[in-house]
Amino acid sequence: MEDEKALLIGRKFETELFGEMPVRSQVRPGYLSLERSIQQQVKSNWKRFGRAIASGRVDHNPYEPATGKLDLVWKAVKRAIERKWPKDDYWPVLLYTAIGTNSLDWHHGVDAFVWWNGVFVTIDASTYYKGEKKADFILTAAELRKPNLSYFGQRVANLLIRRTQE
């Protein structure tokens, strides 16, 4: 009973963060490496966005997230990068989702990732800090509050910049 309650709280947080979510598959997908999982999810997000545009409904746009509270995370990362990176060498900040749909979430514990300048940083949305951390960052409800959100955006931006320079 306690596990069910924790699961419901977690799903509520994910819905608050990601907005309308696809129905979770109960079938565990085959394992793909992290990089292949990222590629699969980029393709899937753009297909989903294309279908949404064709049908005339608003859906997740990696260039400018507007569903749930993802836009807050995206804006915090974007602002932090803009403060630290030269404007003449600026790439768009993209935010992709991966909730419950493929190897990225099932095998790598990644619910979303930020892509910028050819590198990515992974995020696991959770209601608590888990013992085993698979994603680069855990995003909890506390991180969505000011000033934590700004600090979270700065940490993600710093890792993106460091990975760009490696």
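A residue is termed buried under 20% relative accessible area, exposed over 50%, and partly exposed in between, with a 1.4 Å probe and protein chains only. The structure is a predicted model, in which local features need pLDDT of at least 70 and side-chain atom pairs count only at pLDDT 80 or more, whereas totals for chains, interfaces and linings use all residues. Residues are numbered from 1 along each chain as its sequence is written, and side-chain values use heavy atoms, with hydrogens and water left out.

The chain contains five helices and four strands, where helices (H or I, at least four residues) and strands (E, at least two) are DSSP runs numbered from the N terminus. Read from the N terminus, the order of these elements is α-α-α-β-α-β-β-β-α. Of the 166 residues in the chain, 45% are buried.

Strand E1 (residues 94-97) directs Leu 94 and Tyr 96 one way and Leu 95 and Thr 97 the other way, and all of these residues are buried. In a regular strand, side chains alternate between the two faces of the sheet. Strand E1 is joined by four bridges to strand E2 (residues 112-116), the two running antiparallel; strands are taken as paired if DSSP finds at least two bridges between them. Within this pairing, Tyr 96 stands opposite Phe 113 of E2.

Four salt bridges are present in the structure, each defined as a side-chain nitrogen of Lys or Arg within 4 Å of a carboxyl oxygen of Asp or Glu. One of them joins Lys 69 to Glu 16, with the closest N and O atoms 2.7 Å apart. This pair links distant parts of the chain, 53 residues apart, since Lys 69 lies in the loop between helix H2 (34-55) and H3 while Glu 16 belongs to helix H1 (residues 2-18). Both partners are partly exposed, Lys 69 with a relative accessible area of 32% and Glu 16 with one of 34%.

Asp 71 counts as buried at 17% relative accessibility, whereas Lys 75 counts as partly exposed at 37%. Lys 78 and Glu 82 form a further salt bridge, their closest N and O atoms being 3.0 Å apart, and they too lie in helix H3, four residues apart.
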